[in-house]
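Welcome, and thanks for taking a look. Please have the sequence and the model open side by side as you read.

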Amino acid sequence: MSRVVLEMSGISKRFGATRALDQVNLTAHSHEVLALMGENGAGKSTLMKVLSGVYQPDAGEVRLEGKPIRITCPADAREAGINLIYQELSVAPNLTVAENIFMGSEPRLSLGRVDHASMNRRAEEVLARLGARFGATTPAHQLSIADQQQVEIARALAHEGRVLIMDEPTAALSDRESAQLFEVIGKLRDDGMAIIYISHRMDEVYKLADRITVLRDGGYVGSLTRAESSPQTLVRMMVGRALDDFYPPKSQTGFGAVKLEVQGFKSSKVESASFAVRAGEVLGLAGLVGAGRTELARLIFGADAKSEGRLLIDGKEVTVKQPLDAIRLGIGYLPEDRKGQGLFLQLSATANTAMNVLHEHARAGVLDHPALRALTRKAIDQLAIKVSGSEGIVGGLSGGNQQKVLLARWLAIRPKVLILDEPTRGVDIGAKVEIYRIIHELAAQGVAVICISSELPEVIGVCHRVLVMREGVIAGELDGDDVSQEAIMTLATHHQAA
Amino acid sequence: MSSSSSSGQVDRSAFSGPASARRAGGLFRRIGMLPVLVLLYLGFYLLALHFSDDGSTNFMTMDNTLNILRQTSINLVLASGMTFVILTAGIDLSVGSMLAVAAVLGMLTSMPGHAQAFALPVFILSGLAMGMLNGSMVSFLGINPFVVTLGTMTALRGAAYLFADGTTILNNDIPSFEWVGNGSLFAIPWLVWLAAAVAIASWFILKRTVLGLHIYAVGGNPQAARLTGIKVNLVLLFVYSINGLYSGLAGAMSASRLYGANGNWGTGYELDAIAAVVLGGTSLSGGIGSIWGTVIGALIIGVMNNGLTILGVSSFWQYVAKGIVIVLAVILDKWRQKHSAAN
């Protein structure tokens, strides 16, 4: 009963001298989830932007239900039943769920009045199909990220979409929310929707996809059914070579003295958290999104105020009231949202790398530009950052390189303690492995590393010891052979299961 | 772990193409509005020739060029200060009123029986004090800069009238700062030298100092700036303070030039200053822009004022023409940036 809904063949697109897409093919069937895989820069997003009318292809054909169509703007795509849900959700917070669902196509009464009654009724129908737990008249700002995503899915359903494209939809979701999303996707598939699912996460792709299409460097590598594929084949297709040891060996140099100790930290989101990290140790901080991991990190770093608690560095009590205090004590914090809270996108790689140590490279407040460039060149070499030059703006770099620039900024302060919040979010596989390698090098040099991550395999593969948080409390600690996905999830969800 | 093939290809839409094309794009971006300025200048020259009775014009003479520079000088000083503020994604509507208060206070100091010698410091320090007032409210009380400076624009305008007692303070005997508005050095008016000095000092602060980079950082991403340990409050206080200081200097320039001051001085100057900054390609959302662009922007406005006057266009039409050019120039700039980004 599955039939071809959408066919893209020979799609090519150039930007200036660069070939962003070269002869790419893609076929989406009804009643099927197609996973689109590839590293950052492989052309997935460009291809989807061609499909949704943001870009016009230079060559190639798009056929919908066998008929060639031209999509010249996003409205054409919606008309044709093709809906794209971006990573950054576009829900208007001050409107209701129903108003969001029907934004731009509100049912009308005479004189241009909005027919709220029929709008709300139709919205409720769609929400019921999705099994949503919120009503049509809920203000959107009360919704979690996961629920907002459902609003966007509902929008696609309300417009009788035939093709639904989701770009890394689980990037900002907890595992429980992801599981709910997968259920919804399953329902849509059974209803006959053709779903194109873009993701970096192998386990998700295996859970969801019926078929997998892989792109690399703007070219079409191939398509497989799930049965034909294996993680090894997929990685080889994406990277162009085999990646044997995905998680590099953990540093085995042994731990030194306690570098950082947290005693009874308390705030509105964290309840009496206490723990210690040693020099050379990589401590994982696991838990569901919203469990208080980022909040705890921000308390340590002085980004938010704590109501109670003592902080010890090298055994001595210290006062951290603002990030600057923490930085002076040798604490670095890589935030989870690198574009929103980390990088200065319109400034150069040099400015971004050196921002924390400008005073060390200035005389009487006047910058020593050659010294700054030298510092950046060293970082670029050390971390293998690909930039077009130390003066190129970082806004144009890929996610992995942006993250490395941000890491370089913190390495420049020669940290004693480095807190990494989701260090590999939105980063491709190659760069991930390199970031792991950097983490282990730092640990080997005696830095105490705290690593917050929502990817369980990452926590297990990278950290020596794992703290699990749940609802603002450190629910437990796992060490050595006790660390497993099941053990972490049990600690992370214990309450909610009860 | 060889990184070469796998990790982080540079995003193709931003950095791509052969090096030469990229450099051309960079140059295109760097020269910014300069072509618009040159075209306007030539255009006015040709128009002036066309409409003159005897087939000649004094538009492109040394005298008139110095005239344009002199007429631009005060706006350039204000626009330089405004560049600092706008780079932090702020705005300062009170520069015209600060200029008036500074001009009136300075002229009062210069009156017989007062401390004539202190007139120049009074102009500048009163400007600085008013700027610090704006800056404190924006940074420490966290009030929106538009609202803060809308308030001080109105209140300081009133203060200027009150200090001047509703009249014009005139004084032809101002030896301590007469040179500012009327003297020359190497045949170039001091007004022009001062404006150039302000522009160069501003360029130096923005491009060569830690503070300058912090200003760009705060404007580009205030959250990241805070998490990087930048004292965001002090940076904001600085930009409004230096803007006040420049307004005070501009007050001295105009009071000296005209040997007088009243409460009405500098009305509407904030708009010309903002226009110069925006024409120069500085983004109102902060973090992007340069003093070099502001200089070009101020000169574009100066050339238009001068050229339209020489052509005998009525001042009503001058407003219309200026407004149209500002909007057109910014549309052009947007198109240009999009074009160079796509390359």
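What follows is a short tour of a strand and its partners, a leucine, and the confidence values.

Residues are numbered from 1 along each chain as its sequence is written, while chains are lettered from A and ligands numbered from 1 in the order in which they are written. This is a predicted model, in which local features need pLDDT of at least 70, side-chain atom pairs count only at pLDDT 80 or more, and totals for chains, interfaces and linings use all residues.

Let us start with strand E9 (residues 211-216) of chain A, where 5 of the 6 residues are buried (20 or more other C-beta atoms within 10 Å of a residue's own, with C-beta atoms placed from the backbone; 12 or fewer is exposed, in between is partly exposed). Strands (E, at least two residues) and helices (H or I, at least four) are DSSP runs numbered from the N terminus. Two strands pair if DSSP finds at least two bridges between them.

| Partner of E9(A) | Sense | Bridges | One bridge pair |
|---|---|---|---|
| E10(A), residues 219-225 | antiparallel | 6 bridges | A:Ile212 with A:Leu224 |

E9(A) and E10(A) form a hairpin with 2 residues between them. In that turn, A:Asp217 has a positive phi of about 50 degrees.

Over in chain B, B:Leu133 sits in helix H5 (residues 119-139). Is B:Leu133 buried or partly exposed? B:Leu133 is partly exposed because 19 other C-beta atoms lie within 10 Å.

As for confidence, pLDDT is the predictor's own value for each residue, from 0 to 100. Chain A has a mean pLDDT of 83. Among its elements, helix H17 (residues 485-497) has the lowest mean, 68.
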